[in-house]
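Hi,

Here is the structure I promised to pass on. Have a look at it first, and then read my notes below.

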Amino acid sequence: MEDNLIVERLGHVLVLTLNRPRKLNAMDSALYERLIEELRGADQDDEIRAVVVRGAGTSFCTGADTGEFAELTPDNTERVEYRAGLTYGLHKTIPEISKPVIAAIHGYAVGGGCGLALACDITIASANVRMGYPEIKHGLVAAVVMANLTKQLGRKAGFELVASGRLVHADEAERMGMVTRVVPEGEEFTEAMKIAETLAGQVPMSLQATKRLFHAVADLPLAEGLVRGREANEEMREYRAQALKEFGASVKATQAG
C-alpha cells in the first residue's frame, strides 16, 4: 500500500511529501491526520529545526478528496464535525508549532491546497503554479481556509478570489502576497531547502521565539504588540547566554561526528 505521506530527515530539516499523486495529492482524512501528527512530532524533536512541505507528482495539492464527501451528510454529524476538525487542526497547528514551516508548491495548489500553502510560514512557488479557491463553482464554501486568506490578503482581493473561484498564476499570486517568491519551474524544492537550511543554522531558541512572537503580535493591536515585544526582549536577555552555549555545543558535536 502506498504511503500517503513520505517523511524524510535531511540534516535538521524534516521534509513532508504529500504522496497521492494519482489524485493530485487531494487530502483525505488519513492524510490530514498524518500531516498533523508529523508536524506536532517535529515540534517536540530538538533535532528538527525547520519543516518543508511539498507534493509528489504534477501538483502540490488540489484540496479535499471529494471521494469522502458522500459520507459527509447532515445525518452523519459526527463524521462531518471530525472532518472539519481536521482542516481546523492543520491550520491551527502550523502557526502554533515553534518550528518554521516552508511550502514548496508547483502545479495546482487549489482549495484546501491553496489554504495549506498560505498557512505555511514561507511559501516558495514554481512558475507553473495555479492557485485559488474554486469551491464556489461546486456549490461549496471555502470555509476553514478563509481565516488565513483574510489575514494575508486585502479584503477586496481575498473576497474576489473566494467569490469568483478564479485561479491565479504564480506572478499574480506573488503580487497579492499569497506566496513569498516565485522561482523557475522545478526549482521550488531546492529553494525551499536552501531557506530551511539557513533557518536551521540559526540559534534554535531564538528562531523558535521569533516565530512565536511573530504570530502572537500579528493579530494584536499595536500597543499590545509592543508590550509583547518588550516582554520577549526581556526574556531573551535571560536565556541568550544559555541558548548560545547550547547551540555552540551542538555545532561542535556535529562537526566532531
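**Helix H8**

Let's begin with H8, which covers residues 204-218: this helix has 15 residues and reaches 21 Å from its first C-alpha to its last, close to the 21 Å expected at 1.5 Å a residue. Before you go further, please keep in mind that this is a predicted model. The buried residues in H8 are Pro204, Leu207, Gln208, Ala209, Lys211 and Ala216.

**The cores**

Next, have a look at the nonpolar residues inside. The largest nonpolar core has 46 residues, and Ile105, Leu116, Met131 and Met178 are the ones with the most contacts inside it. Elements that give two or more residues to this core include S2, strand S3 (50-55), strand S4 (101-105) and helix H2 (77-96), along with helices H3 (112-119), H5 (155-164) and H6 (170-176). H1 gives the most to this core, with 6 residues.

Not counting residues up to four places away in sequence, Met131 touches Ile105, Ala109, Val110, Cys114, Ala117, Leu118, Arg166, Leu167, Val168, Ala173, Met178 and Val179. There is also a second, separate core of 17 residues, with Ala50, Ile102, Phe189 and Ala192 among them.

**Strand S6**

Now for S6, residues 122-126. Why is this strand described as largely enclosed by the rest of the structure? Because 5 of its 5 residues are buried. Ile122, Ile124 and Ser126 point one way from S6, while Thr123 and Ala125 point the other way, and all are buried.

S6 also has strands paired with it. S4 and S6 pair in the parallel sense over 4 bridges, and Thr123 in S6 is the bridge partner of Ala103. S6 pairs with strand S9 (residues 181-183) too, again in the parallel sense, over 3 bridges. There, Ser126 has Val183 in S9 as its bridge partner.

**Asp28**

Is Asp28 buried or exposed? Its relative accessibility is 14%, and buried means under 20%, so Asp28 counts as buried. A polar atom of the Asp28 side chain lies 2.9 Å from the backbone nitrogen of Leu31. Leaving aside neighbours within four places in sequence, Asp28 is in contact with Asn4, Arg20, Asp65 and Glu68.

Over to you!

Notes
Residues numbered from 1 in each chain as written. Predicted model: local features only at pLDDT ≥ 70, side-chain atom pairs only at ≥ 80, totals over all residues. Heavy atoms only, no water. Expected span 1.5 Å × (residues − 1). Buried < 20%, exposed > 50% of the residue type's maximum accessible area, 1.4 Å probe, protein only. Polar contact = N/O pair within 3.5 Å; in protein donor to acceptor, adjacent residues only side chain to side chain. Contact = heavy atoms within 4.5 Å. Core = buried A, V, L, I, M, F, W, Y, C linked by side-chain atoms within 4.5 Å. Pairing = 2+ DSSP bridges.
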